[in-house]
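Subject: Structure handover

Hello,

Here is the structure I said I would pass on. My notes follow below it.

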Amino acid sequence: IQTQNNTRILGQWWPSGYGNTLLQHILLSRKNTNLSLLIYVVYRKAISRSGLQHLAPVQSPLPSLNNGPTKDMRTTVDWTENAVNGDHLWLETNCSGDLCYLGEETCVKSATRRKCAACKIVVHTACIEQLDKINFRCKPTFREGGSRCLRDNILRHHWVHRRRQEGKCRQCGKSFQQKFFHSKEIVAISCSWCKQAFHNKVTCFMLHQIEEPCSLGAHAGVIVPASWIIKVRNSFKNSTRRKKRTSFKRRTSKKGNDESKWRPFMLKPLPSPFMKPVLVFVNPKSGGNQGTKLLQMFMWILNPRQVFDLSQGGPREALELYRKVPNLRILACGGDGTVGWILSALDELQMNPQPPVAILPLGTGNDLARTLNWGGGYTDEPVSKILCHVEDGTVVQLDRWNLRVERMSTQPEEGTQKVRGHRLPLNVFNNYFSLGFDAHVTLEFHESREANPEKFNSRFRNKMFYAGAAFSDFLQRSSRDLSKHVRVVCDGTDLTPKIQELKFQCIVFLNIPRYCAGTMPWGNTGDHRDFEPQRHDDGCIEVIGFTMASLAALQVGGHGERLHQCREVTLTTFKTMPVQVDGEPCRLAPSTLHISLRNQANMVQKSKRRGDFINHKTNNLNHLSCVTASKKE
């Protein structure tokens, strides 16, 4: 029996959409053809109401084969006015165990494969065009601004066939069958949003579930719903086209300014006390290849339009787009430099209130992440667990300090290098500012990495290079005369005589307790009455001096010489010397530096209490009940 969408009921060829397999089970279990047709009509009506475009009628029962896709494959999220809702994000993969999503009937069986980061289907590169022909779209990430239909504002499940599925069936509670060899059998049907999975059986996956609204699952409190993100029309272009037909007069530049401010996307959030949407920034250059893997994992769990690659233009545009989202939290995946980059962008935008920033450490030192209990590095912890920590973390304050450089009027004779050394890599620091031995080692590492970036692709290699450079610099004693060429004044107190007396080879101005990959140079001040315990939110900066002996002892629990706790510092250097600002090194010509408090940033401190996960689950249940109640209304 040939149907309207070229599917032969009780025949042998079936499109690979999930619903057709379900329909096959239903129809083949009935012997009455008329009853089968009636069920099919009901099924098609349910599909039309559910908004599942990939089950729409196809043009021909047997797709034609060719060498590859005719359109460009998207590997990143499209933020232009040409964006298409439901575009897959194709990434290269070597998962040979996963069969092509199209199935054997229509698969081209080419060698190379692609995997969608958002819905995790795998297809051959040459099969992508066939996937477009059956209209199997990825999960929707936004809505069209011109639509007034209420159905478009309701997020529905995005059901996908799975030949391999972990966990248990939501309906029967039994585990999914796992086979050691790749199976052609479709084992499960799961939703790309809420991650609910069912056995591919009529008894487990019911027909009415196709059009049910999706609750977004366990992470509903942090996911930005597609209904919040709206693709707007360029009204300026439309108006100019209409006006060009009737008039040839030029308009003033004011219209041109309006057009330059126009953006294809906008956000209209619905405030909820149970929601803390998370905006994720990933620096793929940090932590070897970890950044790229994290990008894919976050796109799978969250809305891909709330996950941003910092190598594609920085955080500013994303922050401008999300600046009006209430209870927004930011997750910075990278090193301490990545965190400082995002905090500086927040300062420029003057967001009020400023969203708190959590950290997923991917750098080498990760001292700020250690201070806020996020650890010294990412150790393949499940992304789902990290999002729970971000949602449940405590908001704390972090002092941020200005660095202002004044060039000295008289210069020694080193000319060109001196002139280039008047600018610091950063004019704000969150962790520390230092000069001397440690800055020289960091500068060597930085220059070597710039020359051969392929040799510095793991945290372990970076630390080994640091150790080798430190040992070499120790033998050369390049910073032995540091105390003779600096002058330090803290809150009006001149510390220069003490610095020269103790012959320090490294001076650190420390804002947080951690330094140099987890050491604590200020130490425990419980037995020292002249100083207060160190805090990152007290508006004071700690000044510490190191000899080579105290630097060596630092790695085994020692600490430096405590010099002062102050609110303002004036530092004068009388020769070119290496300095570093939050791990960013440079050579600084003779200058006068002024250090003063800039502001305080909101940060997310990871909680260590056991009750946090109970609270998290309770909040999720409350949120889901509220969503259900609002839908019933």
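Which residues are buried in H8? Asp336, Thr338, Val339, Gly340, Ile342, Leu343, Ala345, Leu346, Asp347 and Leu349 are. Before going further, please note that this is a predicted model.

Helix H8 and what follows

Helix H8 is mostly covered, with 10 of its 14 residues buried. Just after the helix, Gln350 has a positive phi of about 55°.

Gln354 sits in the loop that runs between helix H8 (336-349) and strand S13 (357-361). The relative accessible area of Gln354 is 15%, so this residue counts as buried, the cut-off being under 20%. Beyond four places in sequence, Gln354 is in contact with Leu346, Asp347, Gln600, Ala601 and Asn602. Two of these contacts, Leu346 and Asp347, are among the buried residues of H8.

Helix H10

Helix H10 (residues 383-392) is also mostly covered: eight of its 10 residues are buried. They are Val383, Ile386, Leu387, Cys388, His389, Val390, Glu391 and Asp392.

The second largest pocket

This pocket holds about 1,000 Å³ of space. Its lining is made up of 28 residues, and those nearest the centre are Val77, Trp79, Phe308, Glu317 and Ala318. By class, 14 of the lining residues are nonpolar, eight are polar and six are charged. At least two lining residues come from each of strand S9 (265-267), helix H6 (290-301), strand S11 (307-309) and helix H7 (316-321).

Confidence

The protein chain has an average pLDDT of 78, and 70% of the residues score at least 70. Where pLDDT is low, the predicted coordinates should not be read in detail.

Regards

Note on methods. Residues numbered from 1 in each chain as written. Predicted model: local features only at pLDDT ≥ 70, side-chain atom pairs only at ≥ 80, totals over all residues. Heavy atoms only, no water. Helix = DSSP H or I, 4+ residues; strand = E, 2+ residues; numbered from the N terminus. Buried < 20%, exposed > 50% of the residue type's maximum accessible area, 1.4 Å probe, protein only. Contact = heavy atoms within 4.5 Å. 1 Å grid on protein atoms, 1.4 Å probe; cavity = no way out; pocket = protein on both sides within 12 Å on 5 of 7 lines; lining within 4 Å. Points joined across faces, edges and corners; volume = space filled by probe spheres on them. Nonpolar A, V, L, I, M, F, W, Y, C, P; charged D, E, K, R; others polar. pLDDT = per-residue confidence, 0-100.
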